[in-house]
Amino acid sequence: MAKLTMEEWLARAENNRRFMENVKAVKHLPATDGSFLPFPPWVHPAIINALGKRGIKQLYSHQAEAVEHARNGRDVVLVTPTASGKTLCYNLPVLQKILEEPETRALYIFPTKALAQDQMHEAQGLINELTADIKTYTYDGDTPDDARQAIRKQGHIVVTNPDMLHAGILPHHTKWQKLFQNIRYVVIDELHVYRGVFGSHLTNVIRRLVRVCRFYGQSPTFVCCSATVANPKEHAENILERPVALIEKSGAPTAAKTFFLYNPPVVNRELGIRQSALTPARIVASELIANDIQTIVFTTSRLNVEILTKYLKDVFKKGAPVDKNFVSGYRGGYLPNLRRQIESGLRTGDVMGVVSTNALELGIDIGDLGACIMVGYPGSIASTWQQAGRAGRRLGKSLALLIARSNPMDQFIVENPDYFFSRSPEHCRVNPDNLLILLHHLKSAAFELPFEKGEQFGKENLVDLLSYLEDKGVLHRVGERWHWAAESYPADEVSLRSINPENVVVIDVTEAGAHKVIAEVDWDSAFTAVHKDAVYMVESQQYHVENLDLEAKKAYVKKCDVDHYTDAMTYTNVRVIDVFDEKKAKNVICEHGEVQVVRKVVGYKKIKFYTSENLGYGDVTLPEKDMHTTSYWFTIPRNLLQKLPYNEAQIIDGLSGLAYCLYHLAAMILMADVRDIDKCIGDKSGEWFVRHGRGGRMLTRVGTDGKDKPVEEQNAMMDAFDPTIFIFDAYPGGIGFSELLFEEHDGTLTAAAGLIRNCSCSYGCPSCVGPSLDVGPLAKEAALAILDLIAI
Amino acid sequence: MNVIDRLKRLSGETKQKPHQPSRQAEIGELRNKIETIMARRPDATIRTAPQNAFRGKGRLLTDLICGEEIANAFGRFYVVPGNVDGSSCHGNTCVRDCAAMDMQAAAFIANDPDIADCTAADGLFLDTETTGLMGGTGTLAFLIGLGWFEGDVFVTRQIFARDFAEEQAALVFLNEIVRDRKFLVTFNGKAFDIGLLTTRLILNRLPNPFSAMPHLDLLHPSRRLFGSRLINHRLATLEESIIGFYREDDLPGSEIPQRYFDWLKRHDARLMVDVFEHNRLDIISMAALARHLTELMNHPADSDRCHPSDLLCAAKLFHDRGQVPEAHRRLLSLMNSDNDEVKAGSLKLLSLIHKRAGRWAEAVAVWETMLEHDPGDVFALTELAKWCEHRLRDVHRAEHFVSTALACVETQKGRNSLVHRSNRLQKRLHDNS
């Protein structure tokens, strides 16, 4: 059979009634022409020559504008779609300056090591064309010790990540004297990634960087790049804490693209069950790949990467034998070598299909692909456009296909296409003055240089905070200066990204004597991904976890071939520690404040491939994890609930359904990733909580046996318990989401009532209160009855 | 609400009024749990550090530690001078002998020929006491101990920054002393003390006098020359086993930072007495250690002043630095040592020297001597097998040596390589027949 081109495939798809039945919207995005400007007169002929060799004879308008700002020392943020030549916007002025003044230094900051590697090679390539003696190096946790000294002294361009800047460079700035004495540019790429907790940390790291540069008499120019977000200028100004010029009109030409929003058909109206989003993804992806159309599939979880990679490999195994990497998975946790191999395979066309998490959403160079399939709404409009941008060859058409899952957020997006296509993308928010975050960085900053009276660092009263640290004995004040006066190394006390900076190494022990490391899992994921007896997958090869040794931070696995995968079950318990604010809403008391969250993995489900049947359960014994954070919650008086015509179990199901819906809507309202927040039903005292075990949903009481170990007593009665729904920040110390939710309480409840009432299912489905098998047959009805009591 | 109250609430430090009085006990319990959780966090060091038990009225620095306040254009600081007489002993070492350090030998162990042009009196012995052992810009060297020879007297100066504010003046004074000396002697100074002082000089915007100075870091040669027979390479271990000096009531290095933090709060001189003494002994021990290391380079190999295994290490060092005739000369007397290990080690190295020079007859004679001493010496058997196989082309004899070696070999790695060799020889035997 003749292979179809992308154009032909699109034409067929749009005439295919069965496909189009499920398509909720089609948008044809036309190709646009580029807008070009000549090189500015000051550009060194060697640079013009080197770029000419790569076919670049002029600049896109946004590049010309950006290099002019950078040249004139104006801090600038550049908003650019994927593949619009943003690297030139900073490489050109930086290399120009180095050619003029060979002592010049520049620091590039990328959010991941992989991106840093990629960009170092990009800059190095250009330098090789220049045949100039300019050195660029990456400096991160993988840099060998013996290379570090040379990098500190000789690297003109040092490419690093925020974590290394925080823990490896700033606390040792005297070793980087040469860099800091000559630093002219700081480049921060993928600025939109730095939001929430990570962004709040980064803002503080930048405060420290600026402070150290000032010590060496330098004030470098910042060049930032960001994907399309609603508030790029404001966000850059929040992070840099100074005025920043904005360039948002791209002069790069764009390819024609057809964008489909696809909602998988309902297969069981009773239960409101839709076909899994993985099914159409598998069908469309295998069709495209079979037609030699290079395809990227984004999924929202690491597990789905593995499942879909396995499905696609199964498809292509049946045909003629193909290269083992013909279809590949890609995600964080794969070892760097494997990732580099897949990236280059994508560029050369050896890899025709890749299934990835958002790890490939950022600017790693994989060339331009023909089609992009998104399995599930990526969580934000900005990410969706960024992922869709991976497909788009200069000539001809490309495809972007967003397949909705059954959760309320996805359903909302595909059922309201205007919301998606017309709305501006999300805002990026940071809260650098989160006291816990600020305090950590104050300590690191004091370690780097003593604080002097009159200095600024954040918006809180600095002298008060310094005095507090002095009382705690970590700072020592002499006159008007505060010196670090403790033995510890404060940058090691905090990780910029996750609660715990540790990783767990996954070791394949299938062959005795030939153990090898196959992956790394971050500390928090380890509890759910590599607990004992879990089925862990890498490149769709299954491994059975023999043992998880938390102390040694190692998981030992053996290859296996089974028909199922495992999904961990966790429970969460929240206790209120303090109330910041409270208000009386309709029939409920609504509050926000400090909470302690205890989480534990209690077991796992075995789920069969393809059918998703539940094949059984297993137990997991792992320590609990606790965290201090901020939460929003509201408490419904029990006497009110007891008047409803439902028994206790049904009311609890209704509450669970309501919590499910509110949680998803909250993530959308906050424009946060669903992983940034979490939910729990319990009691403000932390004494009671609702736990979903293998026997269904149950009310659980946590007592204390005097030895700090919770004793669980199940099937307790609601008589003693005022049900409270908590929606909390999933990061220690919180990031300000809960206060926003507190303010939006009425609006959120109203939206939930609308969503549940208008949902077409009979008894609850994943799009409103959750799948009825999960939440119980009366959950939808009970949730609506509860909402009648409390929603305006 | 002010920022500190908010912060205390976040970290659970203040007792809050409970929302419902009946839950008071429960919330108290919760607080305890939070305290436990906070104590497990890495920043638990923020909690009170153990206080040293110096009760009662504090004492003045000048009362307990004899020194003087010095002032310069940058401020004041405290200096404690000291002299160690040439006739006095530090462990088994006479100070006068230390002053007669052989500079050729010093240059050799430092692997820096510039030191050979100096005299012992040009050397500056340096050791710091700091507020932390992790390094980084936030670590202060509050006590800088220095020592040098004037005639046969060992002079010490301990520069003490009584507070952070005195650091700059102290570093300026350090700079003046360093300027008069030509090379540095430290123990682990390359990795720690000098890097730390360099950082502090940069932070105080002062010139760095160390950058071009030759540096004899005693840690590396000590590891090289004494390492084989010591359990670790800490200065205290070297003091006891090499210098024969035993400290009494020495303050462990790990307690020193906390002593200084307590001093900053209380200015009680009793806290610092042990720190000064610890630092002073470190400097004197460095002088004695330098003496032992250089002596080892100069002593004839049959010297009974030195441990034979140290002498073997010295011979190896000569060999590795390309001074093969010197190594050879020393091995010739070491091979007659009463110490079996030294004897075997000397013969082994000697045979390799012969082998590399192509003196096969001499090499074979050494291997045969080794077998006389120990018929199961795997090294000698293997070397003889190689010689038979590649030089004599006598596969039968080679095979004989290999099978003897296989019967004696103990390590798996050694066995693997022998099995490999044996297989190859068997195959050749088979092919030949």
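This is a predicted model: local features need pLDDT of at least 70, side-chain atom pairs count only at pLDDT 80 or more; totals for chains, interfaces and linings use all residues.
In chain B, 7 strands form an open sheet with mixed pairing, and their order is S1-S2-S7-S6-S5-S8-S9. The edges are taken by strand S1 (68–72) and strand S9 (215–217) of chain B; each has a single partner strand, so one side of each is left without a neighbour in the sheet. From one strand to the next, the twist averages 30 degrees.

Helix H6 (residues 167–179) of chain B packs on this sheet. The strands touched by H6 are S1, strand S2 (75–84), strand S5 (123–130), strand S6 (141–150) and strand S7 (153–160) of chain B. Relative to the direction of S2(B), that of the helix makes about 45 degrees.

With S5(B), strand S6(B) pairs in the antiparallel sense over 6 bridges, and here Thr130(B) stands opposite Ala141(B) in S6(B). With S7(B), strand S6(B) again pairs in the antiparallel sense, over 8 bridges; in this pairing Gly145(B) stands opposite Gln158(B) in S7(B). S6(B) and S7(B) form a hairpin with 2 residues between the strands, and in this hairpin Gly151(B) takes a positive phi near 65 degrees.

Helix H17 (residues 395–408) and helix H18 (residues 412–432), both of chain B, have axes 10 Å apart and pack at an angle of about 150 degrees. Angles over 145 degrees count as roughly antiparallel, and H17(B) and H18(B) are therefore roughly antiparallel to each other. The crossing in which H17(B) passes H18(B) is left-handed. On the H17(B) side, the contact is made by Val395(B), Ala398(B), Glu399(B), Val402(B), Ser403(B), Ala405(B) and Leu406(B). H18(B) contributes Leu418(B), Arg421(B), Ser422(B), Leu425(B), Arg428(B), Leu429(B) and Asn432(B). Sorted by class, the residues of this contact are 8 nonpolar, 3 polar and 3 charged.

Technical notes:
Residues are numbered from 1 along each chain as its sequence is written. Chains are lettered from A and ligands numbered from 1 in the order in which they are written. Axes are lines fitted to C-alpha atoms, for helices over the stretch in contact, and angles run from 0 to 180 degrees between N-to-C directions. Helices (H or I, at least four residues) and strands (E, at least two) are DSSP runs, numbered from the N terminus. Angles under 35 degrees count as roughly parallel, over 145 as roughly antiparallel, 65 to 115 as roughly perpendicular and the rest as oblique. A crossing is left-handed if the near helix is turned anticlockwise from the far one by less than a right angle, and right-handed if clockwise. Two residues are in contact if their C-beta atoms, placed from the backbone, lie within 7 Å. Ala, Val, Leu, Ile, Met, Phe, Trp, Tyr, Cys and Pro count as nonpolar, Asp, Glu, Lys and Arg as charged, and the others, Gly among them, as polar. Two strands pair if DSSP finds at least two bridges between them.
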